[in-house]
Amino acid sequence: MLRIAVIGAGRIGQVHAKTIAAHPQAELALVCDPIEEAATALAQTYGARSCTQAEDVFADPKVDAVIVGSPTPFHIPHLLAAAKAGKAVLCEKPIALDMKDVEAARAELDAVTTPVMFGFNRRFDPSFAAVRAAVEAGKIGELEQLTIISRDPAAPPVEYIKVSGGIFRDMTIHDFDTARFFLGDIVEVHAMGQNLDPAIKETGDFDAAVVTLRAASGAVATIINNRHCSSGYDQRLEASGREGALFAENIRPTTVRLSNAEVTDAQEPYLDFFLERYADAYRLELSAFIEAVEAGTTPPTSIADAVEALRLAEAATESATTGQPVRLS
Ligand SMILES: NC(=O)c1ccc[n+]([C@@H]2O[C@H](COP(=O)([O-])OP(=O)(O)OC[C@H]3O[C@@H](n4cnc5c(N)ncnc54)[C@H](O)[C@@H]3O)[C@@H](O)[C@H]2O)c1
């Protein structure tokens, strides 16, 4: 039984706490949030202890592992402090808001010896993972083009957008990791940002984007993002190869279809937002983390994966700003 603490009792902290509480090999030991009511409310829901100082998590001998779900600027400090205290770490994306912060901590990050995994949950989505397994098994021949569509039902509050690091670091980061998961090293990034929402434009961020990535293999990925989508949480993926194609479609609560005089084949809306849509992915991500920690094996996603995804986010930001493709060495 892995005793896990969750740092940050916000949106993703709540997802992880729920997932841990339901997992047969995990125990939610401690919840930490500087907002005391947030920490105690989440802890009490699952019978865990709570605290308001992250230092209390790192010093706690009854904590084996830490999930870092605090705001992004705290990811590196929390990850390093947890690792120095000998705790295994599952850290949320992105690793930082700026590559400069990664470079400043490079020596300490390289020195980490405890297991560290990053929260690229979409690698564990059963449909996306099945597409990748089929690609790896040669079912569509050589992979030539990957298309990732990721549209949120509605934009987060402007206050969140202002400190998010921008759409590429905050949202597209998942898709950059998915592209790397399928295609390996990326050598060229070309991004176009869109300003469809005047409130988000005022923050200086884009609220929609199309990104093209060229892999070292010659394969190309297209990522389509939008902070809003009238039909709900639109999460699809298509892999096209020399000898076939694979499609992962949106998921609904049931497969029921309605046909009548007004509509034919109408279905329920898609599973709404990340908690519901990726519930299985978060569960399988946690299982992979626990398995690696208990078996002493390398977790499936690493600090290096997190750094590479951030590098792609920075290249996309530059490309969308200058209008020029960015080549990566
Ligand atoms: N993998 C995913 O699907 C996913 C989804 C959402 C968010 N995230 C990531 O998770 C992180 C948190 O996002 P969120 O949406 O949950 O934000 P949020 O604002 O809902 O929650 C953040 C929580 O952290 C707390 N906090 C602030 N400073 C803290 C500190 N020093 N120590 C501990 N807790 C602190 C806040 O009080 C708040 O309760 C972000 O980095 C985000 O990119 C990942």
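How much space lies in the second largest pocket? In this predicted model, residues are numbered from 1 along each chain as its sequence is written, and local features are reported at a pLDDT of at least 70, with side-chain atom pairs counted only at pLDDT 80 or more. Totals for chains, interfaces and linings use all residues, while side-chain values rest on heavy atoms, hydrogens and water being left out.

The second largest pocket holds about 190 Å³ of space. Here a pocket is an open set of points, on a 1 Å grid over the protein atoms alone, with protein on both sides within 12 Å along at least five of seven lines, whereas a cavity is a set of points where a 1.4 Å probe fits but cannot get out; lining residues have an atom within 4 Å of a point. Grid points are joined across faces, edges and corners, and a volume is the space filled by probe spheres set on the points. Among the residues that line the second largest pocket are V15, K18, H23, L275, D280, Y282 and R283. The helix α13 (279-295) supplies the largest share of this lining, 5 residues, and α1 also gives at least two; helices (H or I, at least four residues) and strands (E, at least two) are DSSP runs, numbered from the N terminus. By class, this lining has 6 nonpolar, 3 polar and 3 charged residues, where Ala, Val, Leu, Ile, Met, Phe, Trp, Tyr, Cys and Pro count as nonpolar, Asp, Glu, Lys and Arg as charged, and the others, Gly among them, as polar.

The largest pocket has a volume of about 940 Å³ and is lined by 44 residues, with R11, I12, G69, S70 and Y160 lying nearest its centre. Its lining comprises 22 nonpolar, 13 polar and 9 charged residues, and the largest share, 3 residues, comes from α1. Because domain 1 (2-114) and domain 2 (122-278 + 305-327) both contribute to the lining, the largest pocket lies between them; the domain bounds come from an automatic or database domain assignment.

The ligand is surrounded by 26 residues, of which R11, D33, T72, E92 and Y282 are the closest, a residue being near a molecule if one of its heavy atoms lies within 4 Å of it. Oxygen atoms of the ligand are found 2.6 Å from an N or O atom in the side chain of D33 and 3.1 Å from such an atom in the side chain of H75, and a polar side-chain atom of N121 lies 3.2 Å from a nitrogen atom of the ligand. On its own the ligand has 840 Å² of accessible area (Shrake-Rupley method, 1.4 Å probe), and the protein covers 84% of this area.

Two features of the backbone remain to be described. Most residues other than glycine have a negative phi, and most peptide bonds are trans. K93 and P94, however, are joined by a cis peptide bond with omega about -15°, and P94 lies in the loop between β5 (88-91) and α5 (99-104). D265, a residue other than glycine, has a positive phi near 60° and is placed in the loop between β13 (257-258) and β14 (266-267).

Definitions and conventions:
A polar contact is a pair of N or O atoms within 3.5 Å; within protein, one must be able to donate a hydrogen and the other to accept it, and residues adjacent in sequence count only if both atoms are side-chain atoms.
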